[in-house]
Each structure stands twice: as C-alpha cells, then as structure tokens.
Amino acid sequence: MTMSDDPADLTRAIHPGRDDPHTAHIVDGNAVVGVLQDLLAGDLSMLIVECGGCHTAAPLAEWRVEADRDAFIVRCRSCTHTLWTLMRGDGGPSLLIAGSCGLRRAPEGGEPSPAG
C-alpha cells in the first residue's frame, strides 16, 4: 500500500460515529486486506452483524438464514431485511451484499446481545 501526498489524492472524510472530519488518503483495495482478514479470522459464528434496517445486532449464528441448493439468504430476525446472499456456484461461492449492515468482532469475554 502506498499513500500519496498529492492534494488531488486527498479528501475530507466523515465516518459514522465520528463528528470530526479528517484527511483521507486515496489508496487501492490492498489497503483493507489485512484488517478484513483480522475481522473474518476465528469463529465466524460469533461475528457481530448489525442490520442496516432496524439496527438489531447479534452474532451471525443467531440470524435467520433461508437455505436452498443454490444460496443462503441471511435475514434480520427483527425486521426481515435481507443482509446478504451467499451464492454457491461452479466457480466457487460469491457474496452479494443486498443492503447496509455492519460487521464487527464480538468483544473479548463479553456477551453480545441476542437477535430480536
């Protein structure tokens, strides 16, 4: 990953939960690989998923999943919002993100709240 100091490659960014705008560098997708690997490492059943529709948050293991021979559709237990679809295909699995949802690691030693 390389970060450019070229002013054309800088922007002001505001992220959810953060009030202060800050400088963001424009980089390629390689910049997120390590952090994404950390997020998805370990027991994925305990990955905290937050619904973008109603904001219910719970471990992945507690969400409603509709499964058939071609796909798994992950839906919110509270509002039935589709979070994503995991397709099974000849070329391997593909993830189709249908709506906004959040993913985060479960707190160490903490008990996440159950899905509604």
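The side chains of Glu-66 and Arg-64 meet in a salt bridge, with 3.2 Å from N to O; a salt bridge is a side-chain nitrogen of Lys or Arg within 4 Å of a carboxyl oxygen of Asp or Glu. The model is predicted, so local features need pLDDT of at least 70 and side-chain atom pairs count only at pLDDT 80 or more, while totals for chains, interfaces and linings use all residues. Residues are numbered from 1 along each chain as its sequence is written, and side-chain values use heavy atoms, with hydrogens and water left out.

Glu-66 also forms a salt bridge with Arg-75, the closest N and O atoms being 3.4 Å apart. Glu-66 is partly exposed, with a relative accessible area of 30%, and Arg-64 is partly exposed at 39% (buried means under 20% relative accessible area, exposed over 50%, partly exposed in between, with a 1.4 Å probe and protein chains only). In total, the structure holds three salt bridges. One of them pairs the side chains of Glu-50 and Arg-104 at 3.6 Å, N to O. This pair links distant parts of the chain, Glu-50 in strand E3 and Arg-104 in strand E9, 54 residues apart.

The secondary structure comes to one helix and nine strands (DSSP runs numbered from the N terminus, helices being H or I of at least four residues and strands E of at least two). From the N terminus on, the order is β-β-α-β-β-β-β-β-β-β. Strands E6 (residues 71-75) and E7 (residues 82-87) pair in the antiparallel sense over five bridges; two strands pair if DSSP finds at least two bridges between them. Ile-73 has Thr-85 in E7 as its bridge partner. Six residues lie between E6 and E7 in this hairpin, and Thr-80 in the turn has a positive phi of about 65°. E7 is also joined by four bridges to the antiparallel strand E8 (residues 94-97), where Leu-95 is the bridge partner of Leu-86. E7 and E8 form a hairpin with six residues between them, and Gly-92 in its turn has a positive phi of about 105°.

Of the 116 residues of the protein, 21% count as buried. Leu-44 is partly exposed, at 37% relative accessibility, and is placed in the loop between helix H1 (33-40) and strand E3 (48-51).
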